[in-house]
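Trainee: I'd like to learn how the labels get put on a structure like this one. Could you walk me through it?

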Amino acid sequence: MRQVSNAPKAGQLALIALGSNENSIWGDARETVQKAMLEVAALSRESAEFSGLFSTPAFPAGAGPDYVNAAMMIYVASPAHELLAQLHLIEAAAGRTREKRWGQRTLDLDLIAVGDTILPSDATHKHWRELPSAEQQTDTPTELILPHPRVQDRAFVLVPLQDVAPNWIHPVLGSSIAQMCDALPDQLCAEVVRLSDPHRP
């Protein structure tokens, strides 16, 4: 496992969370995530890091079949907004449509972090980070928020990220991926079931 610092190498490190709970043109959910990992890796300026695959309940509860989730670390030179646009193109290639928030997904690629970048501002990040759960289901940001404002709450993101970047430090919270994962309730982490060890798809 690579020991991660926030120092840039061939560009800035970027953390990506992947998920699918619906068949795509690339196959079933597992095959879709594996294909997407290769597509995301092609964006990296040096060797990408791949997590294992995990099975997790749909979020929120009852929103659909279990997800296949994974995470990656890549290195990019393009700005965060350009990277997000590239991820959206990969989603579209898999047949992703954006009709319902937190509905079933052929492919979901979430940009979790780009180095130490905080976007668009500390105040805006705090607003979305502290948004009550009920409002999360109805309110959607109109701009890119980095790091992802809910990463510290989501076992289905943090557990896979431990495979690739356990020592990455959240630039706002000051906690590592491993520390944020340890802070979650044991029940949430237990719902994230490993399907495979880290490897290149």
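Trainee: How many salt bridges does the count come to?

Mentor: Five salt bridges, where a salt bridge is a side-chain nitrogen of Lys or Arg within 4 Å of a carboxyl oxygen of Asp or Glu. Keep in mind that this is a predicted model, where local features need pLDDT of at least 70, side-chain atom pairs count only at pLDDT 80 or more, and totals for chains, interfaces and linings use all residues. Residues are numbered from 1 along each chain as its sequence is written, and side-chain values use heavy atoms, with hydrogens and water left out.

Trainee: What makes E39 and K35 a salt bridge?

Mentor: Their closest N and O atoms are 3.1 Å apart, and the cut-off is within 4 Å, so the pair qualifies. Both residues sit in helix α1 (residues 29-41), four residues apart, about one turn of the helix. Helices here are DSSP runs of H or I with at least four residues, strands are runs of E with at least two, and both are numbered from the N terminus.

Trainee: Why is E39 called partly exposed?

Mentor: Buried means under 20% relative accessible area, exposed means over 50%, and partly exposed is in between (1.4 Å probe, protein chains only). E39 has 29%, so it is partly exposed. K35 gets that label too, at 32%.

Trainee: What else does K35 do, and where does it lie relative to W26?

Mentor: K35 lies over the face of W26, at 5.8 Å from the ring centre. The rule asks for NZ of Lys or CZ of Arg within 6 Å of the ring centre and within 35 degrees of the ring normal.

Trainee: How do you know that R194 and D163 form a salt bridge?

Mentor: The N to O distance is 2.9 Å. R194 lies in strand β6 (residues 193-194) and D163 in helix α5 (residues 155-164), so the pair ties together parts that are 31 residues apart in sequence.

Trainee: What makes the link between D108 and R105 a polar contact?

Mentor: Their side chains come to 2.7 Å. A polar contact is a pair of N or O atoms within 3.5 Å; within protein, one must be able to donate a hydrogen and the other to accept it, and residues adjacent in sequence count only if both atoms are side-chain atoms. D108 is found in strand β5 (residues 108-114), and a relative accessible area of 15% makes D108 buried. Leaving out residues up to four places away in sequence, D108 touches A17, L18, G19, E91 and R96, a contact being heavy atoms within 4.5 Å.

Trainee: Why is Y75 called buried?

Mentor: Its relative accessible area is 2%, so the buried label applies. Y75 is in strand β4 (residues 67-76). Y75 and E46 are 29 residues apart in sequence and 6.2 Å apart in space, C-alpha to C-alpha.
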